[in-house]
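Subject: Structure for your files, with backbone notes

Dear colleague,

Here is the structure I said I would pass on.

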Amino acid sequence: MSSQSPAPSPVPPPSGGEPRKLRVAVVFGGRSSEHTISVVTAGAVLRAIDREKYDVLPIGITGDGRWALTADEPDRMAIAGRVLPSVEGLAESEDGSVLLPVEQGNREVVYAEPGAVPKALGEVDVVFPMLHGPYGEDGTLQGLLELSGVPYVGAGVLASAVGMDKEYMKRVFVSFGLPVGPYEVIRPREWEKDPAAARKKIVEFAGEHGWPVFVKPARAGSSIGISKVDDISGLEEAIEEARRHDPKIVVEALLRGREIECGVLEFEDGPRASVPAEIPPVSTHDFYDFEAKYIDSADGVVPAPLTEEQTERVRELAVRAFEAASCEGLVRADFFLLDSGEFVINEINTMPGFTPISMYPRMWQESGVSYPELVDRLIQAALRRPTGLR
C-alpha cells in the first residue's frame, strides 16, 4: 500500500525551452466558521508538498470572501497556544485580489490591486482546496473549478454538497442500505413559519428516543455550533446556537457506544480503507467538541482496539459510504460502534482535518502511507481525473 505514486510529468513550455514543474494552488481559509482550521490544515500541506516536484501558489480566502495572495510561510499558519491564525494575517496586501479564470481551458491566474495593472501569476495545473465548511467544501468552489476546467483534489460538486448537508447525507446512506441513527430535521421555512411547532417536533423526538439529544447546524463541521441538550430547558439556547451557523438544523439521538473513524483514499485501482481509529471519551468535555479536537488535542487511538471482524466491517462500510455519495480522492467516515455490537455511520467528511496529527493522516500513516506521500497521492489522483461529467 505504501508504493510511491509516479513522478508527475513536467509541463512543456508553450514555445520550446525547459519544461516547467506542475503548479499546485493551495486554496484555504474561506467564509465559513471553520476558517481557522482551514488555515492550520493548509499550513501542514504546504510544509509537506514536495517542492522538487511541484511549484506552489498559496491563495487564502478571507472571512469576507476576498481571494488574497498569501505568504508561503507554513509556520505562521499554526495554532499558537489559544491564538488562532487567519488569512487576514497572512495576506500580502489588504485589498489585492487573486482572480481565477472561469472559462474552459484558461488556467492563468491573475493578481489585481486597485489602481494597478493586473499581474499574471502564471498557470495553475491543479488546485488543492483545503477549505472546510460552506463556501468551499460544499460544492461551491468545486463548481467554479469545473467551469474553468482546472483539476482539483477531492470530491466533486455533488459529493461535496452531500457530504456537507447532514440531512441529505443521511438520506443517501439510507437509500444505499447503510445503518444510520435516529434524527430529525428543522428546515428554515419550518422555523420561520411556526417555531413553536418546530420545538414541539424536537421534544416529541426526544420523547421517543430519550434525552439527551444533539442539536447541530446541518451544514457545518469541526463540531462548531453543536450542543448536547440534557432536557427541554436547554433546547432554546441550543437551537439559537445551531441556527447562528446554519438556518437548517439537525437533531440526533444519543447513541451509546464507541466513536470509530476510518479513512478512505483513492488509489489507481479504486478506493481503499485505512486501519480504523477510536476517539476515546474526553473527561473534561461532554462530547468531542471543537475545543477537545483542536485546543485540548484529544488524542485518538490508532489503530482502534477492535476485533478482526469489527475492523473489516467498518472498513467495508467506509468504502460503501464513499461510493454511495460518489466521492473522489479522500473521505473520513465517522461511526458509532453501539453497545449491541452494530456499527452506525454518523457522517462523512470530504475534506477532513489534515494536519500530521489529525486522525485521517494518522490512520494512513499506520496503514503504510506517510504524510508527504498522502499529499502527493491526492494531487496525482486529481491530475488523473478529468473535470466535467464523469
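Predicted model: local features only at pLDDT ≥ 70, side-chain atom pairs only at ≥ 80, totals over all residues.

Residues are numbered from 1 along each chain as its sequence is written, and side-chain values use heavy atoms, with hydrogens and water left out.

Cis peptide bonds

Most peptide bonds are trans. The bond joining Trp211 and Pro212 is cis, with omega about -5°. Pro212 sits in the loop between α6 (195–209) and β9 (213–217). A cis bond also runs from Val302 to Pro303, with omega near -5°. Pro303 belongs to the loop between α8 (290–295) and α9 (308–324).

Positive phi

Most residues other than glycine have a negative phi. Tyr135, not a glycine, has a positive phi of about 65°. The loop between β7 (126–129) and α2 (140–148) holds Tyr135. Its relative accessible area is 45%, which makes Tyr135 partly exposed (buried is under 20% relative accessible area, exposed is over 50%, partly exposed is in between; 1.4 Å probe, protein chains only).

Ser326 is not a glycine either, and its phi is positive at about 60°. Ser326 lies in the loop between α9 and β15 (330–338). With 44% relative accessibility, Ser326 is partly exposed.

Regards

Methods: Helix = DSSP H or I, 4+ residues; strand = E, 2+ residues; numbered from the N terminus.
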